[in-house]
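Hello,

Here is the structure we talked about. Please look through it first, then read my notes below.

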Amino acid sequence: MNRTTNVLKTMNGRVESVVHQAGSGPPVVFLHGAGGPAWDPFLDDLANHFTVYAPSLPGTEGDPDAVREIRGLWELMLHYYEVFDQLGLDSPAVIGHSFGGMLAAELASTNPDRVSKLVLISAIGLWREDQPVGDWMKLTPDELIPLCFYEPEGKIATEMFSMPEDEIERQDEEIKRSWSLACSAAFIWPIPEKGLTRRIHRAKAPSFIVWGKQDGLVPPVYADDFKSLLTNAEVFVVDKAAHVPQLERQDVVSPAVVKFLS
Amino acid sequence: MKISMFHLMPHRELPDDFEKKYSSVWVTPPWSELADPSRVGQYYNWTLDELEFGAKMGFDGVCVNEHHQNAYGFMPSPNIMASALARNTKDTAIVVMGATLPTNPPQRVAEEYAMLDGISGGRLVAGMPLGSSCDVNWCYGIPPMEQRERFREAHDLIIEAWTRKDVFSFNGKYNQLRYVNTWPKPIQQPHPPVWVPGTGSKSTVDWVAERDYCYCFLSYFGSKFAKKNVDKYWERLDELGKDPNPYRLGFLQLVLVAETDAKAEEQYFEHVKYFYEKSLHTPLHFFMAPGHVDHSSLVKATRAGGYGIPADLATQRKDWKFQDYIDNRFIVAGSPESVKQQLEEVIKDLNCGNLMALMHLGSMPHELTKKNIQLFGEEVLPKLRNIWDDQGWENHWWPKGAKRSQEVVTV
């Protein structure tokens, strides 16, 4: 599939932002998780039906210090609205995975006119004392993988956590992963709940909440919490999937999301 | 030469299986399983007694620092300890290494340091630490990426609070104050000497060098490990056209003295092992929250194969004997003569004028600690005092009120 990459400048030129794009049709914005940007087969599925825009969180690609030019969640929202403006998107559908899910929900709540449909996949942003979100900032890959994958030894998990053989490429990958966590941490440290419950009632976009039944990082009970907070939402819990259902159960998640967005 | 005594105030009685049973000595060790409030009260008093005894035995200064939620060294408020020490010492420097800048309200640091300077009669060294990732990010919840910015802003505010004559506004990113009007101000003018602890990160080294503060390399891995980083500091100063005055550098060294080399091993080896195996039992992720180092340092460390911090060094020393700790310069230990020789090498090798000797390790009992302090004070310290005298350097980083005589006080 033909994919292009654009570099935008937002916040009066201070923030460099990288946006990947593929496909044609109605616009869909995808916001990645804390692990950083990656174009994956789920996005290919979407690009068969829509124009997919995948903006990277500032700092995670291109200028590493771009993230420092954004003060807090409020300015991060303004940054994304400016990205929408520059891409000519008035009110796209927005899909967010994990950390990206929190951003998607915040975007839909801060200015409800800018998000036409909302898809939350294993989203963070809420907090329960009885079932706290796992602390991925401190978990080693060996601890994290069983929480994130239904099949920790499976192909999806292995590919996502595999490291290049070449020494320099391996180092590049380590730097990229660590810095991606650092960039997202700037907005969610030390607890990934920044008041979304106080704002989410404002969101008016029809919402589709996708969760892996075996998600060990953000337990599925959060899907119900999102549903009860959003005015117009349905929940889609997928068996045999954990924190990355769109890849572990791409076979059912892709068609369901495409159907919801169509 | 100035030699001060450092104390961490550690847990002295962790169980034998501590490092197997618990994943970390820092951030998450459960208080309710590991400590008793009355016993810990005793630790605080032993610590103060030991530091006061150090002052009596001739140390030029006494050093305390701030750490949180751990059994490695838990003086959450160094200023409380320093206040007691200021009262019970007469001419010793009170070195607070220090109040962690990103987690304390800067105006409070300015006030408390000024109080300490006042109570002690101008004997305060104002330590200004960036703070560890464990303390600042994990225990106090500051986002890692904000830590350095907060540190620098707090420093600017404190210096202004001490030195400006007017009542002013401070419009910072993290501190907005309509009226800054610090009461009291320090005795030492324009302000107490500033010492900045670090472990070699380039951004801190450059920052300190540019401001003419004293850079204090604090690690538990000795001079061989420190050498490369300390040399970078001297190189940076040279680039800036600044003199190689040894008093620009502070260095922490573990020091253990006994009557003979053999006795040193006999008395201290178990405590050395306790220190490295239990007191430093912290996993890498607590030292290095993502974003704790900036991007350029992350790239450099990744290319170099690690940060050179405890987790990296843990495997190397697994089967070390007492002598290996000495040969690798992690510890300075032995008879007074051996200790003197080893310290001379350390001091000369690093070009260090402000030595901080850690005289108590983890499980060392009170009486043994006092013995270590006494032997050092009587038989080693007097022989090192004049080590830089022939070069005629002035110690601009020593508090003006700390006029300790050159002679050792006998008790």
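**Notes on the structure**

In chain A, A:Arg3 sits opposite A:Ala22, a residue of strand 2. This is a predicted model, in which local features need pLDDT of at least 70, side-chain atom pairs count only at pLDDT 80 or more, and totals for chains, interfaces and linings use all residues. Residues are numbered from 1 along each chain as its sequence is written, and chains are lettered from A and ligands numbered from 1 in the order in which they are written.

Strand 2 (residues 15-23) pairs with strand 1 of chain A in the antiparallel sense, over eight bridges. Strands pair if DSSP finds at least two bridges between them; helices (H or I, at least four residues) and strands (E, at least two) are DSSP runs, numbered from the N terminus.

Both strands belong to an open sheet of eight strands in chain A, with order 1-2-4-3-5-6-7-8 and mixed pairing. Strand 1 (3-10) and strand 8 (233-238) of chain A are at the edges with a single partner strand each, so one side of each has no neighbour in the sheet.

The contact between the chains takes 16 residues from chain A and 13 residues from chain B; two residues are in contact if their C-beta atoms, placed from the backbone, lie within 7 Å.

For chain B, pLDDT (the predictor's confidence in each residue, from 0 to 100) averages 94, and 96% of the residues score at least 70. Over residues 406-411 of chain B, the pLDDT is below 50. Where pLDDT is low, the predicted coordinates should not be read in detail. The complex has an ipTM of 0.94 and a pTM of 0.95 from the predictor.

Regards
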